[in-house]
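Here are a few notes from me on the aromatic rings in this one. Have the model open while you read.

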Amino acid sequence: MVELLNLVHCELLKLKRSKMVLISILGVLSTPCLMFAEALQNHFRHPERIITLSDIYSNSLMYVMLLTNMVIYVAIIAYLFSREYSEHTLKTILPIPISRTRLLIVKFFTLFLWIIMLTGVTWIGIFILSGIYHIAFHLEGYCLFTASVWLLKFLFGGVLMFATVSPFAYIAQKTKGFVVPIIIASVIVMGSAALSNQDMGALYPWTATFFIVNERIQNTGYPMFLSVGLITFVSVMGFLLTFFHFKKEDLK
């Protein structure tokens, strides 16, 4: 356990020298900015409408789980799992007495921490910009308690998203780059957007996560266990393919 924690610490130290962390933070902050702009637009077009903090968080959930954050998380996973190939450092790491399995566990754990951190950044960004709106125009239900309820939902959504992006680790390792994972992620995002208002979205793992967090599964007519089963299948297959491929990787 101590060795794994030390490896995680080393991975995090490497990230401190990378611009990827800052870029990812700026990327996820686009969602709070979009929600702020949307709230302003609604206020000036329909001043009689009452906007609540829950409304803003609810509307942002689609961007967080299906659109913006999804693409950013795939970019992160492509970066984490292809970096050793692009920087030609894998041959220098593996001779060290560290098993390949432990190395992958560290990378997945780093990915998990990164996703949770960005989820928190998105949540607090929405809360701060909503506070600015509240000062200027008044936002119904603006309080820390309401925000904390949505924080739990966001974190739960982050855990589900971590599970569904695992196949991209395999794709990043297989292709040793960014391009293919991002292209596939874009296709998946388009599918998620198309199915976000369809009952069949419960059968599409990347949309099913959104339905679960948004408590919409029961309205689709499909049982919860089916959606959870599909998400689990995609997640497990992603992890297994990544581990098996990396263990058999020939570095010559």
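1. Start with the ring cluster: Phe81, Phe108, Phe112, Phe162, Phe239 and Phe243 are linked into it by ring pairs. Rings of Phe, Tyr and Trp (its six-membered ring) pair if their centres lie within 6.5 Å; planes under 30 degrees apart are stacked, over 60 edge-to-face, and the rest tilted. Keep in mind that this is a predicted model, where local features need pLDDT of at least 70, side-chain atom pairs count only at pLDDT 80 or more, and totals for chains, interfaces and linings use all residues. Residues are numbered from 1 along each chain as its sequence is written, and side-chain values use heavy atoms, with hydrogens and water left out.

2. How many aromatic pairs does the structure hold? There are 16 aromatic pairs. Take Tyr57 and Phe154, an edge-to-face pair with 5.6 Å centre to centre and 90° between the planes. Tyr57 sits in helix α4 (residues 53-65) and Phe154 in helix α8 (residues 144-164), so this pair ties together parts 97 residues apart in sequence. Helices here are DSSP runs (H or I, at least four residues), numbered from the N terminus.

3. Buried or exposed? Both Tyr57 and Phe154 are buried (under 20% relative accessible area; exposed is over 50%, partly exposed in between, with a 1.4 Å probe and protein chains only).

4. Now look at Phe108 and Phe239, also edge-to-face: 4.7 Å centre to centre, 70° between the planes. Phe108 is in helix α7 (residues 100-137) and Phe239 in helix α12 (residues 224-247), 131 residues apart. Phe108 is buried at 5% relative accessible area, while Phe239, at 21%, counts as partly exposed.

Note on methods: Helices (H or I, at least four residues) and strands (E, at least two) are DSSP runs, numbered from the N terminus.
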